[in-house]
Amino acid sequence: MTDNRESFSSRIGFILAAAGAAVGLGNIWGFPTQAASNGGGAFLLVYLIMILVVAFPMLVVEMAIGRHGQANPVDSMRSLTSNPIGKRVGAFVGWIGLSVPSAVLMFYSIVGGWLICFLFGAMANLVGLHDLAEWFKGFSIERNLLGTIIFYVLTILIVQGGIKDGIEKWSTRLMPALFVLFGLLFVYIMMQQGAVEGLKHYLIPDFEKVMDKKLILAAMGQGFFSLTIGGCSMLIYGSYLSKKENLPKMAMNVTLVDTAVAFIAGLVVMPAMFVAMEKGVQIYAEDGSLISSDTLVFTVLPMMFDSLGLFGDLFAIVFFLLLTIAALTSSISMLECSVSLVSERFKTKRTPTSWVLGALIAVFSVIIVFNFGELFGLVAMIATQYLQPVAALLFCVFGGWVWSRHSKIKELEQGYPEFQQGFFGKIWPLYVKFVCPILVITVLWASF
């Protein structure tokens, strides 16, 4: 939209930043939990298919809309049509999309604060400050407030640096650190008794479960949320992408990195769960369902860490540091969506804009902390089960039906002149128009 608008300085910077936006607790917490609850290897197989069938084509749509508009979500949606009514509707769709990352950040930052507190707790335990460790691991308004504020400060500090010096700079540091920490954890956990059984459960699919309706819907939903489809992050990062880049290729690279993180998370968490069972920690109920699926990383796995003594404390530090990194790479993209809108619309400076908007959203998080029982689950449900799928559906419908075929193809041919000659280029416009909306409606229906 503006001549001096920032862009990513390198392909790897964009890929790691966009993948970082997608990589979050949904990959490291949600994916292994879903796999454990839905047949292990069978879920993994269906999930990989759903990523390609559902998530990837829609990721291309969102990134293409952002790059076409070269602006915040509201103005990017307006740019898809010259019709005055269409522009107003597009702006409305953009505002709905913009509400998703803000709403998600309200509760996500609280969970991010828990991760930081558990990290501090493991550190305190390691140096013998057991009372302090128990406070960090306990559940109180004061602890939740402290963790949430620290998480917001870290997020704002990164976002205020801008695209090159903030988001790209830290994504290219945090994402490789994520893979290194995963590698260390995998080597360590595979040396424990019971880990091999967990690995078999995760990698060897039970083909009788592959066609299970519940499993397919769970895999579709996980694939959908894993790449933050409808979350605006990919749209805003796409707006910072150079017109010279091959957009479908970049989208595929982001998909592969994001999927790799989810896959590796399963390689660590699933064997860790079976190690915990060897240590006497109950993971599954008698009916085969997963116990404490919502609080797996905060209850079941810490019990396993405690059973491992000194090494357990070290394991816990690395594990919760890893989760904190994953949460931060997502939260910075959430805050960036609203920062980009305000700074572009009102020509404000990035640093004060980041702090003001971050503080404003933080106020809602503080309200949730003080009314946790009534608000946390409600806000999380509204944001992830209703707002995000609705935004994804509107992006899909607007991108498929309102944005002209000629304009879509022209956008993708920039950086990829042979787009229409390949199989993907031939089917993508129609796929986005007809198939993707049906798949999103299915995910939305499953949420209800």
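Gln-70 lies in the loop between α3 and α4. The model described here is predicted. Phi of Gln-70 is near 50°, a positive value in a residue that is not glycine. Most residues other than glycine have a negative phi. With a relative accessible area of 24%, Gln-70 is partly exposed.

A second residue with a positive phi is Cys-232, where the angle is about 75° although the residue is not a glycine. Cys-232 is placed in the loop between α10 (213-226) and α11 (233-238). Is Cys-232 buried or exposed? Its relative accessibility is 0%, so Cys-232 counts as buried.

**Salt bridges**

Side chains of opposite charge can pair when their charged atoms come close. The structure holds six salt bridges.

| Pair | N to O distance |
|---|---|
| Glu-411 and Arg-67 | 2.8 Å |
| Arg-345 and Asp-75 | 2.9 Å |
| Glu-197 and Lys-200 | 3.9 Å |

The side chains of Glu-411 and Arg-67 meet in a salt bridge. Because Glu-411 lies in helix α17 (residues 405-413) and Arg-67 in helix α3 (residues 41-69), this pair ties together parts that are 344 residues apart in sequence. Glu-411 and Arg-67 are both buried.

Arg-345 forms a salt bridge with Asp-75. This pair also links distant parts of the chain, with Arg-345 in helix α14 and Asp-75 in helix α4 (residues 73-78), 270 residues apart. The two partners can be described by their accessibility. Arg-345 has a relative accessibility of 38% and so counts as partly exposed. Asp-75 has a relative accessibility of 9% and so counts as buried, the cut-off being under 20%.

Glu-197 and Lys-200 form a salt bridge within one helix. How many residues apart are Glu-197 and Lys-200 in helix α9? They are three residues apart, which means that about one helical turn separates them. Glu-197 is partly exposed, at 46% relative accessible area. Lys-200 is partly exposed, at 43%. Elsewhere, salt bridges that share partners join Arg-67, Lys-243 and Glu-411 into one network.

**Aromatic rings**

A search of the whole structure finds 26 aromatic pairs. In one of them, the rings of Phe-31 and Tyr-202 have centres 6.4 Å apart and planes at 80°, so the pair is edge-to-face. The angle needed for that label is over 60 degrees. Phe-31 lies in helix α2 (residues 25-37) and Tyr-202 in helix α9 (residues 195-203), so that the pair links distant parts of the chain, 171 residues apart. Phe-31 counts as buried at 0% relative accessibility. Tyr-202 is buried, with a relative accessible area of 0%.

Phe-118 and Phe-320 form another aromatic pair, and this one is tilted, with 5.1 Å from centre to centre and 35° between the planes. Phe-118 lies in helix α5 (residues 84-126) and Phe-320 in helix α14, so the pair ties together parts that are 202 residues apart in sequence. Both of these phenylalanines, Phe-118 and Phe-320, are buried.

Which residues form one aromatic cluster with Phe-31 and Tyr-202? The cluster also holds Phe-43, Tyr-47 and Phe-263.

Two rings have a charged side chain over the face. Arg-173 lies over the face of Trp-170, at 5.0 Å from the ring centre. Lys-433 lies over the face of Trp-401, where the distance from the ring centre is 4.5 Å.

Which helix gives the most to the nonpolar patch? The answer is α14, with three residues. Both α6 (130-137) and α14 (310-346) supply at least two residues of the patch each. Trp-135 is placed in helix α6. Its relative accessible area is 35%, so Trp-135 is partly exposed.

Note on methods:
Residues numbered from 1 in each chain as written. Predicted model: local features only at pLDDT ≥ 70, side-chain atom pairs only at ≥ 80, totals over all residues. Heavy atoms only, no water. Helix = DSSP H or I, 4+ residues; strand = E, 2+ residues; numbered from the N terminus. Buried < 20%, exposed > 50% of the residue type's maximum accessible area, 1.4 Å probe, protein only. Phe/Tyr/Trp six-rings, centres within 6.5 Å; stacked < 30°, edge-to-face > 60°. Lys NZ or Arg CZ within 6 Å of the ring centre and 35° of its normal. Salt bridge = Lys/Arg side-chain N within 4 Å of Asp/Glu carboxyl O.
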